[in-house]
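Welcome, and please open the model in your viewer. We will go from a sheet to a pair of helices, one selection at a time.

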Amino acid sequence: MEMRSVLTMRMKTRFRLGGGFSRLKASSYHLTQLLSFPVAGGVSDPRAMASMISSPPPLNPQHDIHAVAAKGFDVDAHTYESNRPSYPAAAVSDLCIHLHLNPERSHVLDLASGSGKFTRLLLPHCLKLTAVEPSPSMRSAFANILPNIQVLDGSASAIPLASASQDAVVIAQAFHWFANLRSLREIHRVLKPGGRLGLIWNLEDRHAKKWVASLRDLYERYEMGTPQYRLGLWRGVWGTAEARELFTELEKGGRFEHEMVCTEEMVYGRVVSKSYIACWPAEEKESLRERVLQALRSAEDVERDAGGLIRYPYKTEVFWCEKRSG
């Protein structure tokens, strides 16, 4: 029987019809089935996926981590490290100023550190730096790159550090995955009185070049309802009464434009480092690769340097707030 028909029958047994789809039970959610849903053309159909997902996937029970993030970011840490951009020096300086970091005294936690992209930039700005990361493959990559920095197994809802031990907590490229009160309570716990929380994100700048907008349109339709930064869903928790009791109002720092100079394969690598695409089977990734390369080669506004490398425009945004005592 055709896979589409099999899945349709299974979905009918798991959803209530008439009043819209009900929430999937964690025990009946199969991420790999959704990610490998086959249609003509090879690559999974985002409309078919969207019609089957009425709420986010269940959280990883070990660390309360979104299932797509838990699976996607543990697939290939090398691709993440090799193809994601770093952060502009001006953005790093802006965040460190807002966090009142002092290289002679500040104890700083890099939460959800990944492979250490942002961690290495914090080194000159603090006395003691600790990283926490739930993904085993990311921790392994981190340890190879930054062997002198402690990286611990933990998450935003289970930080393995003592209460009131940190002058600042920094979260780069990750808060949208765990923007909830559990995380804010735990971050508040580990911060010292008057300690500060800093958030920073890189985002491909669709307004800088038409080819970037076209590329984002190509892959963003596969997000499957994941809480991406650009959607702004992460802001919701800051409007709650408890968040306002825990922290001062979230302040916006600077916005910084920069670029990553890269090969065509690195542009594709940036796409496949997306958690919701990293989960795909190899054949589907290859099909997407051809589409990405075709889009690049047919675009009229791709800028290259003297060596033929592509100038990939990004913007970086900074936010911060302070722990309230009591």
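Before the first stop, a word on terms: two strands pair if DSSP finds at least two bridges between them. Keep in mind, too, that this is a predicted model.

**Stop 1: the sheet**

Switch to cartoon view and look for an open sheet of seven strands, with mixed pairing. Going across, the order reads S5-S4-S3-S6-S7-S9-S8. Now color the two edge strands, S5 (150-152) and S8 (251-262), each of which pairs on one side only. As you step from one strand to the next, the twist averages 20°.

**Stop 2: S7 and S9**

Select residues 191-204 for strand S7 and residues 310-322 for strand S9. How many bridges join S7 to S9? There are nine, and the two strands run antiparallel. For one example, click Arg196: its bridge partner in S9 is Glu322.

**Stop 3: a helix on the sheet**

**Stop 4: H10 and H14**

Finally, show helix H10 (residues 210-220) together with helix H14 (residues 282-298). Their axes come within 10 Å and cross at roughly 160°. Angles over 145 degrees count as roughly antiparallel, so H10 is roughly antiparallel to H14. The crossing is right-handed.

Terms used
Residues numbered from 1 in each chain as written. Predicted model: local features only at pLDDT ≥ 70, side-chain atom pairs only at ≥ 80, totals over all residues. Heavy atoms only, no water. Axes fitted to C-alpha atoms, helices over the stretch in contact; angles between N-to-C directions. Helix = DSSP H or I, 4+ residues; strand = E, 2+ residues; numbered from the N terminus. Parallel < 35°, antiparallel > 145°, perpendicular 65-115°, else oblique. Left-handed = near helix turned anticlockwise from the far one by under 90°.
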